[in-house]
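My notes follow in the order I looked things up.

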Amino acid sequence: MTRLKAFQRVVQQYSDISDSVVVYIEEAHPSDGWMSSDAPYQIPKHRCLEDRLSAAQIMNREVPGCLVVADSMDNSSNAAYGAYFDRLYILQDGKIVYQGGRGPEGYRVESVPQGCWPMLTRMHSTVVK
């Protein structure tokens with residue numbers, strides 16, 4: 001939850017100049033599997049898309065102002081971006097300008113190079129003019 005709170009702060013801080021999207025992938029700590037002792041929710045392993053969509057709705061409540069979408073059951077987004085368990089990306093004009101480390105250990109919102117944030121500001125000022 002600490003990483004989620006850091007992400008929430010970034011979403012709020014840059015909401016006027018950027019769009020944020022969470023792609024909800026397979027549950028890392030399902031309640032019917034290897035569950036984390038500090039898990040705030042009891043989410044079982046997704047057995048169908050409806051299960052994943054229900055879990056994504058929980059995430060949607062946790063990150064207001066951020067679009068939350070669900071990966072397909074074949075985990076194609078997870079595979080394409082190497083996201084398991086979690087990973088932060090910054091895209092500009094459809095190109096990856098920042099790829100964070102793999103979570104949980106490598107996921108650190110605060111490790112995004114400071115040069116990426118002014119880039120978002122420049123994108124915004126270009127659109128406004």
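**Entry 1: fold**

Which pattern does the chain follow, read along the sequence? I read α-β-α-β-α-β-β-α. I counted four helices and four strands in the chain. The model is predicted, so I turned to confidence next.

**Entry 2: confidence**

The chain has an average pLDDT of 79. A score of at least 70 is reached by 83% of the residues. Where is confidence lowest, and where is it highest? The lowest value belongs to helix H4, residues 116-128, with a mean of 50. The highest belongs to H2, at 91. I then checked residues 122-129 and found pLDDT below 50 there. Beyond near neighbours in sequence, that stretch has three contacts in the model. Where pLDDT is low, predicted coordinates should not be read in detail.

**Entry 3: burial and core**

I looked up burial for the 129 residues of the chain, and 35% count as buried. I also looked at contacts between residues at least 6 apart in sequence: 46% of them join residues at least 24 apart.

How many residues does the largest nonpolar core have? I found 23. Phe 7, Val 63, Cys 66, Leu 88, Tyr 98, Val 109 and Val 112 have the most contacts inside it. At least two core residues come from each of helix H1 (2-13), strand E1 (21-24) and helix H2 (49-62). H1 gives the most, with five residues.

**Entry 4: Tyr 98**

I picked Tyr 98 from the core list. Tyr 98 sits in strand E4, residues 95-99. Is Tyr 98 buried or exposed? Its relative accessible area is 12%, so Tyr 98 is buried. Setting aside neighbours within four places in sequence, I listed its contacts: Leu 88, Tyr 89, Ile 90, Ser 111, Val 112, Pro 113 and Cys 116. Val 112 is 14 residues from Tyr 98 along the chain, and their C-alpha atoms are 7.6 Å apart.

Next I went to the loop between helix H3 (76-81) and strand E3 (89-92), where Arg 87 lies. Which backbone oxygen does the side chain of Arg 87 reach at 2.8 Å? It is that of Gly 100. The side chain of Arg 87 also reaches the backbone oxygen of Gly 82, at 3.0 Å. Beyond four places in sequence, Arg 87 is in contact with Tyr 81, Gly 82, Gln 99, Gly 100, Gly 101, Arg 102 and Tyr 107.

Asp 86 lies in the loop between H3 and E3. At a relative accessible area of 22%, Asp 86 is partly exposed. I noted its contacts beyond four places in sequence: Arg 3, Gly 101, Arg 102, Gly 103, Pro 104 and Tyr 107.

**Entry 5: salt bridge**

How many salt bridges does the count come to? I got one. The partners are Asp 32 and Arg 47, with the closest N and O atoms 2.8 Å apart. Both residues lie in the loop between E1 and H2, so the pair ties together parts 15 residues apart in sequence. Asp 32 counts as partly exposed, at 41% relative accessibility. Arg 47 counts as exposed, at 58%.

**Entry 6: cysteines**

I searched for disulfides and found zero. Cys 48 is partly exposed at 28% relative accessibility. Cys 66 is buried, with a relative accessible area of 5%.

**Entry 7: Asn 75**

Last, a backbone check. Most residues other than glycine have a negative phi. What is phi of Asn 75 near? I read a value near 60°, which is positive, in a residue other than glycine. Asn 75 is placed in the loop between strand E2 (67-70) and H3. Asn 75 counts as buried, because its relative accessibility is 17% and the cut-off is under 20%.

Definitions and conventions. Residues are numbered from 1 along each chain as its sequence is written. This is a predicted model: local features need pLDDT of at least 70, side-chain atom pairs count only at pLDDT 80 or more; totals for chains, interfaces and linings use all residues. Side-chain values use heavy atoms; hydrogens and water are left out. A polar contact is a pair of N or O atoms within 3.5 Å; within protein, one must be able to donate a hydrogen and the other to accept it, and residues adjacent in sequence count only if both atoms are side-chain atoms. Contact means heavy atoms within 4.5 Å. A nonpolar core is a set of buried Ala, Val, Leu, Ile, Met, Phe, Trp, Tyr and Cys residues joined through side-chain atoms within 4.5 Å. Buried means under 20% relative accessible area, exposed over 50%, partly exposed in between (1.4 Å probe, protein chains only). pLDDT is the predictor's confidence in each residue, from 0 to 100. A salt bridge is a side-chain nitrogen of Lys or Arg within 4 Å of a carboxyl oxygen of Asp or Glu. A disulfide is a pair of cysteine sulfur atoms within 2.5 Å.
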